[in-house]
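Colleague: I'd like to learn how to read a ligand site and a metal site. Can you walk me through the ones here?

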Amino acid sequence: MTDAATLPVVDISGLASADAAERRAVAAALDRACVRSGFLYVTGAQFDRALFNRLLATARAYFAQDSAAKMASYIGRSANHSGYVPVGEERFAGSPVDLKEAFDVNNDYPHDDGRRPLLGPNLWPAMPGFRDGVLPYYRHLSAIGAQLFGAFATALGLAEDHFAPHLRHPPNQLRLIHYPHAPEADDRPGIGAHTDYECFTLLFATGPGLQVIAPDGRWIDVPQRPDAMVMNIGDMMETLSNGRYTATTHRVRKVPDERYSFPLFFTLDYDYVVAPLIPGDGTRVYPPVASGAHLFHQTAQTFAYLKERRARGELVLDDAMPPPGSFGRREAAAA
Ligand SMILES: O=C(O)CCC(=O)C(=O)O
Ligand SMILES: [Fe+2]
């Protein structure tokens, strides 16, 4: 039995208010929570539960299909890193294969102008109802994510609309993750230890399994709350905040019971250069990083189809980019 984390709870309802004082009050509460912990719960009247239920029903139906039906929308066929991710496709260096399958949804960017490796049209499966079960959730949460970027800007002492010009086509990624029923999977984690690369993540999951690292190095459970989303700080927000907020290492322990989880990773526009926006305490120096290129660089080193493209010479990476795990990422108080 592991201990359970006691994470701060922030009600973000006020971010939808026309009253700037209410929005500022939420920003102050968010700042206090994120200084204390890289993981927190957020609640809010703006969350539309019906869209959560539709997303879950869609994911259940999608993953229940046979492998051939799912592989018809294999991520390796997509133009923007979207599609089905079979077990073993994504692998962190030195880690065993995670016991999970996923469907990645990216920014559905149909235009030719401004295409980037993570910006292009989504690969949607043929399954009836899939797109309508998933895209409204993606758009709903992206709008709430924009409110949260406003709150973070305020919290960092910047103008509330500081990030708005950099949120036109961000390659936010929604992952539909399915951890199959696996009572025999003693030695395989659901997802190995990592920090999230982006600015922040909003997660909704159907059951326990998520764990964060405590200051003494122990793994502690993050209990799911039916009324709240789990939010965590990613590498890029650690950098933007110059270490005021920390990207906390987390993992998904082996879960014998079937589990679904839906993280949405919020980032800024592909060409935005992430660098500290406020002075820090000098304990850590964060070099500037091009956000989209960084994300793609990390992805290209963990996904089998991209490694194969590199091996065939179809994809050439910029070796000047920092290696995985070197950006943001600092162990922090989890509770
Ligand atoms: O499934 C979960 O609870 C968390 C997943 C996660 O940490 C990730 O996909 O980055
Ligand atoms: Fe994560």
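Modeller: Let's begin with the idea of a cavity: on a grid over the protein atoms alone, a cavity is a set of points where a 1.4 Å probe fits but cannot get out. Keep in mind that this is a predicted model.

Colleague: Which space is the largest cavity?

Modeller: The largest cavity is the space taken by ligand 1. The elements giving two or more residues to the shell around this ligand are β5 (173–179), β6 (191–194), β11 (250–252) and β12 (259–266). Strand β12 supplies the largest share, four residues.

Colleague: How many residues surround ligand 1, and which are the closest?

Modeller: There are 13 around ligand 1, and the closest are Tyr179, His194, His250, Arg259 and Ser261. Sorted by class, the shell has eight nonpolar, three polar and two charged residues.

Colleague: Where should I look for polar contacts?

Modeller: Look for N or O pairs within 3.5 Å. Here, a polar side-chain atom of Ser261 sits 2.6 Å from an oxygen atom of ligand 1. For His250, a polar side-chain atom is 3.1 Å from a ligand 1 oxygen, and a side-chain N or O atom of Asp196 is also 3.1 Å from an oxygen of that ligand. As for cover, ligand 1 has 300 Å² of accessible area on its own, and the protein covers 95% of it.

Colleague: And which residues coordinate the iron ion (ligand 2)?

Modeller: His194 (NE2), Asp196 (OD) and His250 (NE2) do, at 2.1 to 2.2 Å. Their spacing in sequence reads H-x1-D-x53-H. His194 is in strand β6 and His250 in strand β11, so this pair ties together parts 56 residues apart in sequence.

Note on methods: Residues numbered from 1 in each chain as written. Chains lettered and ligands numbered in written order. Predicted model: local features only at pLDDT ≥ 70, side-chain atom pairs only at ≥ 80, totals over all residues. Heavy atoms only, no water. Near = heavy atom within 4 Å. Polar contact = N/O pair within 3.5 Å; in protein donor to acceptor, adjacent residues only side chain to side chain. Areas by Shrake-Rupley, 256 points an atom, 1.4 Å probe, with all protein chains shown as cover. 1 Å grid on protein atoms, 1.4 Å probe; cavity = no way out; pocket = protein on both sides within 12 Å on 5 of 7 lines; lining within 4 Å. Sits in = over half its atoms within 2 Å of the grid points. Nonpolar A, V, L, I, M, F, W, Y, C, P; charged D, E, K, R; others polar. Donors = N, O, S within 2.8 Å, 3.2 Å for Na, K, Ca; no water.
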